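Please look through the sequence and the structure shown below before reading on. The briefing after them starts with the terms it needs and then goes through the fold topic by topic.

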Amino acid sequence: MARCSIFFSMNLLMCLFFITFSILPEAALAHAVMVKSMPEKDSTISKSPKQVDVWFNEHVRSAFKSLAVMNSAGKRVDNKDIEQEILDPSHIYISIPRLPPDTYTVRYRVISADTHAVSGKFDFTVAESD
Ligand SMILES: [Cu+2]
């Protein structure tokens, strides 16, 4: 009798396992994606910002995150002080010194909640101020 019920619950568990995975929406298994940044992607701004912010559509892991700002010559210009907002772990940011006019590239790499690494880049331009 006892053996029978163990067998039964194992089967039930396997069944629930398969049902759960077959009906889970795709979105629940997707990686984090960048949804917003400051400065905005491909924007031209007239004043050097104090920091660069990147937001994702979901919380990202605090381990192994990286964010870097490069000038057009490929030299890293940020202050290497990446932070993650405590109350909103989908937001990471890094401070930058006052930047001269140039086109800058922001590169990011984070680990999604689903453990996959996500990386990307975008540009922004600091225009000549007159
Ligand atoms: Cu993923």
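Two strands are said to pair if DSSP finds at least two bridges between them, and the strands themselves (E, at least two residues), like the helices (H or I, at least four residues), are DSSP runs numbered from the N terminus. The model is a predicted one, in which local features need pLDDT of at least 70 and side-chain atom pairs count only at pLDDT 80 or more, while totals for chains, interfaces and linings use all residues. Residues are numbered from 1 along each chain, following the sequence as it is written.

**Overall make-up**

- The protein has 1 helix and 8 strands, and along the sequence these elements follow the pattern α-β-β-β-β-β-β-β-β.
- Of its 130 residues, 13% count as buried, a term that requires 20 or more other C-beta atoms within 10 Å of the residue's own, whereas 12 or fewer make a residue exposed and values in between make it partly exposed, with C-beta atoms placed from the backbone.
- Among the contacts with a separation of 6 or more, 58% are between residues 24 or more positions apart, a contact being two residues whose C-beta atoms, placed from the backbone, lie within 7 Å.

**The antiparallel sheet**

- Strands of a sheet pair through backbone hydrogen bonds, either parallel or antiparallel.
- S1 (residues 34-38) is joined to S3 by 4 bridges in the antiparallel sense, and Lys36 stands opposite Trp55 in S3.
- S3 also pairs with S6 (residues 91-95), again in the antiparallel sense, over 5 bridges; Asp53 has Tyr93 in S6 as its bridge partner, and Gln51 has Ser95 in S6.
- S5 and S6 pair antiparallel over 2 bridges, with Gln84 opposite Ile92 in S6 and Glu83 bridged to Tyr93 in S6, and the hairpin that joins S5 to S6 passes through 6 residues.

**Two faces of the strands**

- In a regular strand the side chains alternate between the two faces of the sheet.
- S3 (residues 51-56) has a covered face made of Val52, Val54 and Phe56, while Gln51, Asp53 and Trp55 make up an uncovered one.

**The mixed sheet**

- A further 4 strands form an open sheet in the order S2-S8-S7-S4, with mixed pairing.
- S2 (43-45) and S4 (66-70) are at the edges, each with a single partner strand, so one side of each has no neighbour in the sheet.
- From one strand to the next the twist averages 25°, where axes are lines fitted to C-alpha atoms (for helices over the stretch in contact) and angles run from 0 to 180 degrees between N-to-C directions.
- S7 (residues 102-111) and S8 (residues 117-126) run antiparallel and are joined by 10 bridges, one of which links Ile111 to Ala117 in S8.
- The hairpin formed by S7 and S8 has 5 residues between the strands, and Thr115 in the turn has a positive phi of about 75°.
- S4 and S7 pair in the antiparallel sense over 5 bridges, and Met70 has Thr105 in S7 as its bridge partner.

**The nonpolar core**

- In soluble globular proteins, nonpolar side chains tend to be buried together.
- A nonpolar core is a set of buried Ala, Val, Leu, Ile, Met, Phe, Trp, Tyr and Cys residues joined through C-beta atoms within 7 Å, and in the largest such core, which has 16 residues, Leu67, Tyr108 and Val110 touch the most other members.
- At least two residues of this core come from each of S3, S4, S6, S7 and S8, and S7 gives the most, with 4 residues.
- Leaving aside residues up to four places away in sequence, Tyr108 touches Met34, Val54, Ser66, Leu67, Ser119 and Gly120.

- Glu128 lies in the segment after S8, and Glu128 counts as exposed because it has 9 C-beta neighbours inside 10 Å.
- Glu128 and Lys47 are 81 residues apart along the chain, and their C-alpha atoms are separated by 8.6 Å.
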